[in-house]
Amino acid sequence: MSNRTFTMIKPDAVRNGHIGNILQMINAAGFRIIAMKYLKISKQQAEKFYEVHSERPFYGELTEFMSSGPIVAAILEKDNAVADFRTLIGATNPAQAEEGTIRKKYATSLGENAVHGSDSDENAAIEGNFFFSGLERF
Ligand code: ATP
Ligand code: MG
């Protein structure tokens with residue numbers, strides 16, 4: 001069981017003014033913020049981050065979108081962090097997300113679904129290391 005995960009508040013949710021509400025839901029669910037930054041990534045950086053999806057038909061659209069505006073990136077801590085955070089954000093497609101999940105409330109579409117959450121302990125570590133140095137974690 002891991003105790004850390006990595007998240008991004010995606011450009012759609014930032015544009016729509018949902019940063020505060022999403023952070024509030026994350027805190028209310030018992031996650032502690034270990035590291036956080038507000039930044040815009042380049043298309044190349046998005047391509048690197050989502051490299052596992054490079055063969056998928058939506059890769060171009062996804063990386064274009066993720067580099068289209070600022071995001072909030074964060075490392076979060078809680079018992080069972082990866083799985084519990086996936087539960088909190090809900091299904092990838094907001095049309096299938098459970099009531100009360102972040103994506104149900106704030107996502108607009110399958111492609112623009114408000115938040116990212118790591119899918120494994122291994123990827124949580126890789127993704128956290130992509131954005132943050134040791135000096136940026138508390
Ligand atoms: P994330 O990794 O962003 O937390 P996820 O793990 O729920 O999302 P993945 O399968 O990893 O889903 O897909 C990564 C992202 O690619 C999704 O969040 C979504 O924005 C986009 N995506 C996935 N499937 C499609 C699709 N069929 N069409 C368009 N975009 C898609
Ligand atoms: Mg994923």
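Student: Which residue lies over the face of Phe31?

Tutor: A charge sits over a ring if NZ of Lys or CZ of Arg is within 6 Å of the ring centre and within 35 degrees of the ring normal. Here Lys78 lies over the face of Phe31, 5.7 Å from the ring centre. This is a predicted model: local features need pLDDT of at least 70, side-chain atom pairs count only at pLDDT 80 or more, and totals for chains, interfaces and linings use all residues. Residues are numbered from 1 along each chain as its sequence is written, chains are lettered from A and ligands numbered from 1 in the order in which they are written, and side-chain values use heavy atoms, with hydrogens and water left out.

Student: How many aromatic pairs are there?

Tutor: Rings of Phe, Tyr and Trp (its six-membered ring) pair if their centres lie within 6.5 Å; planes under 30 degrees apart count as stacked, over 60 as edge-to-face and the rest as tilted. That rule gives eight aromatic pairs. Take Phe31 and Phe85: their ring centres are 5.4 Å apart and their planes are at 85°, so the pair is edge-to-face.

Student: Are Phe31 and Phe85 buried or exposed?

Tutor: Buried means under 20% relative accessible area, exposed over 50%, partly exposed in between (1.4 Å probe, protein chains only). Both Phe31 and Phe85 are buried.

Student: What is the geometry of the rings of Phe49 and Tyr50?

Tutor: Their centres are 5.0 Å apart and their planes at 80°, so this pair is edge-to-face. Phe49 is buried at 11% relative accessible area. Tyr50 is buried too, at 7%. Phe49 and Tyr50 belong to one aromatic cluster with Phe6, Phe130, Phe131 and Phe132.
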